[in-house]
Protein chains: 2
Amino acid sequence: MAEPAANSGQALLFLTDEQLRKGIEAMFFAYRGFTADPDRILGDMEYGRAHHRALHFIHRSPGTTVNNLLSILGVTKQSLNRVLRSLIADDLVSSRVGRQDKRERHLYLTDKGSALERALSDAQRDRMRSAYRAAGPVAVAGFRQVLEAMMDTDMRRQYEALKDRPA
Amino acid sequence: MAEPAANSGQALLFLTDEQLRKGIEAMFFAYRGFTADPDRILGDMEYGRAHHRALHFIHRSPGTTVNNLLSILGVTKQSLNRVLRSLIADDLVSSRVGRQDKRERHLYLTDKGSALERALSDAQRDRMRSAYRAAGPVAVAGFRQVLEAMMDTDMRRQYEALKDRPA
DNA sequence: CTTGGAATGTCAACAAGGCTGACGTATCTT
DNA sequence: AAGATACGTCAGCCTTGTTGACATTCCAAG
């Protein structure tokens, strides 16, 4: 067990290795569910989960730059570039040269890209909604609290920056 | 917004698209943190996340068969086989032909395998523990509830089967 | 007892999507 | 004019997913 009996030994049972292991396995199985629906939709096309992530965050922050997206997704530019190239080639994403800084490319979803993004996020949201509904508002608050505490500080900053955006 | 105003319009604010989106993004960023520490350890070796998963579940269910592991991990047997082959070659896992059914291979961790499994799960547990501690027991209960509701039914069965195992 | 089907596991080859390294180009900043 | 920054791209590697083909073993029907 992880905790010494020094801590008045009663309120800390949720920190036992056993409880932590259950949390770890719950994370593993739940994440599979979390990605399953969009993956199913994408499986029929030439795209994958990486494309979904790019579409999601471009949707969230229209006009974002490549560098910005890079730091949110936490991948290398070569990796992102491969994805973006195909999205742009297929007219799901448009890339516009920056007005102030012409080195930057600002990314936007096209109508076609918005449609796919919506289909994917609808599927994912449906599952999330039914999980939320089943668990109830108190559980949901706890869910978010634990997840936020689990992030790296850098990621949490990215997350917080997006969190309370208008829409 | 997702919910019609029909539902007495007050207790269901946690089911708005906005709230669901935050949950989705929290899942994304938290999962990165969740895997970051073991990944860092594995990055220095010739192994990856797939090896970690195999070690974890063999540790959990010593003597499990390949087929069993397959259904837990949700990958094809060919994919798992590659991982197992290297783990066996490096003497982290031992594979014994079944006594009753000689088609089956029963999998066990060697001492070396146990040591690596422990190192990886220690790292992951440390992060989980500090997240749990930061969020508190009520939040943790909610966390688990939502995750369980998010799983596919098949996965939930796998999860439940492991959940209350002795050790 | 034999034979065919089902189940288990292995090997081979391919694709997606990460990674590093190196380089070119345009643009901004000093 | 020089250096830094933003972006794109080529080449090559690794992990980890996929399908297809095949060997072994078990079991049940004839």
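How do the residues of the surface near DNA strand C divide into nonpolar, polar and charged? In this predicted model, that surface divides into five nonpolar, nine polar and nine charged residues. For these classes, Ala, Val, Leu, Ile, Met, Phe, Trp, Tyr, Cys and Pro count as nonpolar, Asp, Glu, Lys and Arg as charged, and the others, Gly among them, as polar. Because the model is predicted, local features need pLDDT of at least 70 and side-chain atom pairs count only at pLDDT 80 or more, whereas totals for chains, interfaces and linings use all residues. Residues are numbered from 1 along each chain as its sequence is written, while chains are lettered from A and ligands numbered from 1 in the order in which they are written.

A residue is taken as near a strand if its C-beta atom, placed from the backbone, lies within 6 Å of it. Around DNA strand C there are 23 residues, of which A:Gly48, A:Ala50, A:Thr76, B:Val66 and B:Asn67 come nearest. Two or more residues each are given to this surface by helix H2 (49–60) and helix H4 (77–89) of chain A, and by helix H3 (66–73) and helix H4 (77–89) of chain B. The largest share, five residues, belongs to H4(B). Helices (H or I, at least four residues) and strands (E, at least two) are DSSP runs, numbered from the N terminus.

DNA strand D has 26 residues around it, and those that come nearest are A:Asn67, B:Gly48, B:Gln78, B:Ser79 and B:Lys102. Here the elements giving two or more residues are helix H3 (66–73) and H4 of chain A, along with helix H2 (49–60) and H4 of chain B. By class, the surface near DNA strand D holds five nonpolar, ten polar and eleven charged residues.

Attention now turns to the protein chains and how they meet. With contact defined by C-beta atoms, placed from the backbone, that lie within 7 Å, 50 residues of chain A are in contact with 50 residues of chain B. On the chain A side, helix H1 (17–43), helix H5 (111–135), helix H6 (137–150) and helix H7 (153–163) each give two or more residues. H1(A) gives the most, with 15 residues. The side of chain A that touches chain B divides into 31 nonpolar, seven polar and twelve charged residues.

Two copies of a chain are related by a rotation about an axis and a shift along it. The same surface serves both copies, since 100% of the contact residues of chain A recur in chain B.

Within chain B, helix H1 (residues 17–43) packs against H2(B) at an angle of about 105°, with the axes 9 Å apart. Axes are lines fitted to C-alpha atoms, for helices over the stretch in contact, and angles run from 0 to 180 degrees between N-to-C directions. H1(B) and H2(B) are therefore roughly perpendicular to each other, a label that covers angles of 65 to 115 degrees, with those under 35 degrees counted as roughly parallel, those over 145 as roughly antiparallel and the rest as oblique. At this contact, B:Thr35, B:Pro38, B:Asp39 and B:Leu42 in H1(B) meet B:Arg49, B:His51 and B:His52 in H2(B). The contact comprises two nonpolar, three polar and two charged residues.

Finally, the sheets deserve a look. Strands are said to pair if DSSP finds at least two bridges between them. Chain A has an open sheet of three strands in the order S1-S3-S2, with antiparallel pairing. Strand S1 (64–65) and strand S2 (93–97) of chain A stand at the edges with a single partner strand each, so one side of each is left without a neighbour in the sheet. S1(A) pairs with strand S3 (residues 105–109) over two bridges, where A:Thr64 stands opposite A:Leu107 and A:Thr65 opposite A:His106. Five bridges link S2(A) and S3(A), and A:Val93 has A:Leu109 as its bridge partner. In chain B, an open sheet of three strands likewise has the order S1-S3-S2, and B:Ser95 in this sheet has B:Leu107 in S3(B) as its bridge partner.

Conventions
Contact = placed C-beta atoms within 7 Å.
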